[in-house]
Amino acid sequence: MLRTTIQPPCQVSAIIPKIQSGKPNKMLMALRATIILNSQGVCTNHINPTIIKEVIEYFAVNTKVKKGESDILNSLRKAFYLFLEMIPKIDANGKLLAEFFLLTNQIRKDLEHPNEFFRAIVMNSISKIILLDNKKAVLDCLEPLAQPIEKNMKHMYFLTRRNALITYLNGFNLDGQQIIEIMKNENNSQLLRLCLICLLKVEKTEVKYSDGFIQIDSLSYQIKNIPEDLLFDILNKTKSTDLLKDCIKVGKLRQFAFLTFLQNFDLFPSNMVPSLIEIVHDSTYKEIGLKIIIKNLHKIRRDLNVSQFISLLDSDCKEAVFEIIDSIKKPIDREIIKKKLRDEISRDYFDEDYLVFILEKYGELTDKKSSSNTIKGSLEPQITHIQSKLRSLITGDNPRAAFAALSLCDNLIKILPNIKFGKVYRKAVNILMADPDNHSKFIELCQKEDFIVNQVLNYSIIAMALFKIAFLSKEKEQILNILGKMLDIGKAHINFDYTTFEIISQVFNDISKQSFSEQPKSPVQNLKTDVLKQKTNLSEKSFFLPFLKRKETKIDIEQVESKRIVKQLSGYTDPLYIEAFVNITRLKITVELLFINTTSHMITNIIPAFTVSSNITGDRPLSFNLDKQSITKKEYSFKVNEVINGFLTGHIQFAMGKNMHMSIALGEIQFKVNEYLLEKEMSQDDFKGSWLTLEWENSYTSRFRSSLDIIGVFNRIKNELKCSIINEMNTLNSESDTFIVANLCCSTLLAEDILLNLKISKENTAITVDCRMRSASEKIVKSLSVVFGECLRGIKE
C-alpha cells in the first residue's frame, strides 16, 4: 500500500461526528481523513461500518441535488468509492462484512447515474475491488451487478463501455459470442483490440488473412479499414507474410513491419526484399534499414540493384549506401553512379564531410588516366557543367574539399595562382608535374611577372617543380632565369624565409653545375640527384619522394623529468578536508587525493568529477563513503593521448545527511605543448625534406621593445620551445647584432617533428620576430603558437 505523510484534515475522534452531521462538505472531509489514515497504516475498522451506513443513508435520502451542491456531491461519491477500495471487505473468518450487503443496491443506482463519467469511475472501482479482493464472498456480493454492467457495455460514451467491458471480464464470464457481438457494433480501436485479446484468450480463436481481408471467427475486416492498434495484434499473432506485405503497401504499421524484419529476417523468403526496400526509402527507417541490408548482403545480394539505392545517397547515410553499392554494382552501373555523383557535386553544400566524400568517390570511379590532370575523351562533355564548380572549390576557403577536387578538375594551370592553401598547392603542382605536357605550360606561367611576384610563399614548391622539369627537359636556361628572378624578388620580400632561400640557391647551383642531358656521375652536395632519378616514375608517386625520409625518434618516457604539484582544496574547519597531490610525468598524470573526515558523522557519496581537455583520458571515478574521523587516499590516473595544450580541473561532491550536498572545486591545472617537447638533432638535408612534407603551417609576427638583445631573445625562444639549431657549422646565421635567421627543430614525446624558421631583427630599440612553424598536425601548430605568444609576452618590456 502506498504510504503518505500528509496530515489528515481531522482526527479519528472527529470523523464520526462529521459523517453524522448530514452536511456533504463535512462528510467529504471525514472521508478524506479516513483515506489518509488508511494509507498511513492506521486501522479504522471500528468506524468503517458506521461510515458506510451513514453515507448510503445520505445518498438514499438526498435524491434531489440542491443548487450549488452538484460538485461537492460528485466529490463525495468519488471519495466514497476510493474509501471502499482501501478498506478490508472480509473478516477474520473469511466472510463478507455485513455492511457490504448494503452496498449492492447503492452501486446498482450509481451504475445508472446520468453522469457517464461517474459511471466509469464506479465501474473502475468495482474492477479494482474484484482484482484486489478476489474472494468468492466478494464476487457473490457483486453478482447482481452483472446485468447493469452488461447494459453499460452499449453506452454511447466509449470510456463507459471500456470500463464496463474490463469490469465484466474481471468478475464475470463473458463467452466468445458476446464478444463477437460487441465487436460487430464497436468502432473504437482500443475496445476492438481489447475484445480481440479476450476473444483469443477465451475461445482460442484463430485469426486468418487472405486476399486483403482478416477473418476473425465470423467477422471479416478489410485491411485498409481496420484500426492500427487492432492490426498490430493481428500481425503479431499471425506472422503472415502476405499480411506484412499488404501492411507495407497500404502504409499501415510500417514500424512494426520493419521490426518484424529485424527480428525474423531469416524466416522471410527472398520475395520480401522489395518490401524491405520500400521501407528503407522511408526516411524514418532508412539508416537502420541499410544496416540490416548490409548485415544480410551475402543472402540477398542477387536480389538487389544499384538503382534501388543510389537515390538514398545523402550526408547521413553516405557510407552505408556506398558499402551496399560497392557490393552489388556491375560495370554497366558505373555511369549511373557517376551521374548521381555529378549531380551531387553541382549542388551547394554546407556539409563539408559529405562534399569531400562525394568528390573522393567520384575520383575512385573515374579512369586514372583521365583523372590525373584532365577528364578527357567521351567523359568530357558529360562533366563540363561541373568544371566551374570544381574550380571554385579548389580556389575556395574549404581546404578538404579543394584537396579532394584537384584530381577531377581540368586545366589546373589556369587556377594555380588562385589556390589559397599550401597543402592544396603542393598537390596541384604534383599533378601538373606528373604530365610532361604541362611542363612547358608551367614554365610559361612562371615567366609571367604577376605570377612570380605573388607566389613568394610557394617558392620552395615551385623551385622543386622546376628542378624536376630541368631534369627531364632541355629548357635549363629559362629555368635558371626564373630561379634567379625568384631570388631577387624574395630578398626584398618580408615573407621570404631562410629555408626557401637555401632551397632555391641549391637548385640553382645544381642545375648550373650539371648537364641533365647526360647521366650524372657524381652526386651534388645536398640534393642527391642520383636518388632523385631513381624516383622519377611520377605517375603514381610524388616528385618530393627523395625528401620524405624521416628518422624515428625513440624516447624513454620513464627518464623524462616529472613535476609534482600539491594543492590544498579545503580548509581545516571544513567537514571534509582534501589535499591533491598531482604528479605529472609528461604523458601520464596521476592525481592522488587525501580525504579526512573531520566530523563525527559518516560522509557519503564522495565522488570526484574531473573535467579534462580532449587530448586527455582517464578512468571514471567511483563514489565511496568515509566513516567519522577517518582518513583515506584515492589515486586517479590520466593519459595524454595527443601533444597539444590541455587542462585538468573538476570538483569533489559529497553528502552529509539526506538533504545536505556540498561541492569543493579543484583548481585548473594547465599543460602546455612545450612540456611535451624534446630537442632533436637533424641534418640540414633532413630539415629541408621534412619542411616540404609537413602539411600544417602557422606564421607568427610580433614587434615589441625588450631589454634583451636579439641573441638573448633568440635563446629565450629556443629554451622555451626546447629546440635545437639546424646548421652545418653549429652556429647561427647572423649579421652583426641586428639580424638573426635560423632553422630550429624539436620533437614531441610521441615522435612528431616540429620545424621552425625563425627570423629576428632589431631596428633602434624595436625588435621584430617572424616565425614560421610546421608540423604534421594542425592542433600542434596552433598550440605551439599560443606558447610562442606567451613566451614573447614575457620578453617584452
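**A helix and a sheet**

Guide: Helix H28 is mostly covered, with 13 of its 14 residues buried. The model is predicted, so local features need pLDDT of at least 70 and side-chain atom pairs pLDDT 80 or more, while totals for chains, interfaces and linings use all residues. Residues are numbered from 1 along each chain as its sequence is written, and side-chain values use heavy atoms, leaving out hydrogens and water.

Visitor: Why does Ile461 count as buried?

Guide: Buried means under 20% relative accessible area, exposed over 50%, and partly exposed in between, with a 1.4 Å probe and protein chains only. Ile461 has 4% relative accessibility, so Ile461 counts as buried. Ile461 lies in H28, and its C-alpha atom is 7.8 Å from that of Val429, 32 residues apart along the chain.

Visitor: How do you know that the span of H28 agrees with its number of residues?

Guide: A helix is a DSSP run of H or I with at least four residues, a strand a run of E with at least two, both numbered from the N terminus. The expected span is 1.5 Å times one less than the number of residues. For the 14 residues of H28 (459–472) that gives 20 Å, and the end C-alpha atoms are 20 Å apart, so the two agree.

Visitor: What makes E7 and E11 a pair?

Guide: Two strands pair if DSSP finds at least two bridges between them. Strands E7 (603–612) and E11 (646–656) are joined by 7 bridges and run antiparallel. Thr611 stands opposite Thr649 in E11. The open sheet has 4 strands in the order E9-E7-E11-E12, with E9 (624–626) and E12 (660–671) as edge strands, each pairing on one side only.
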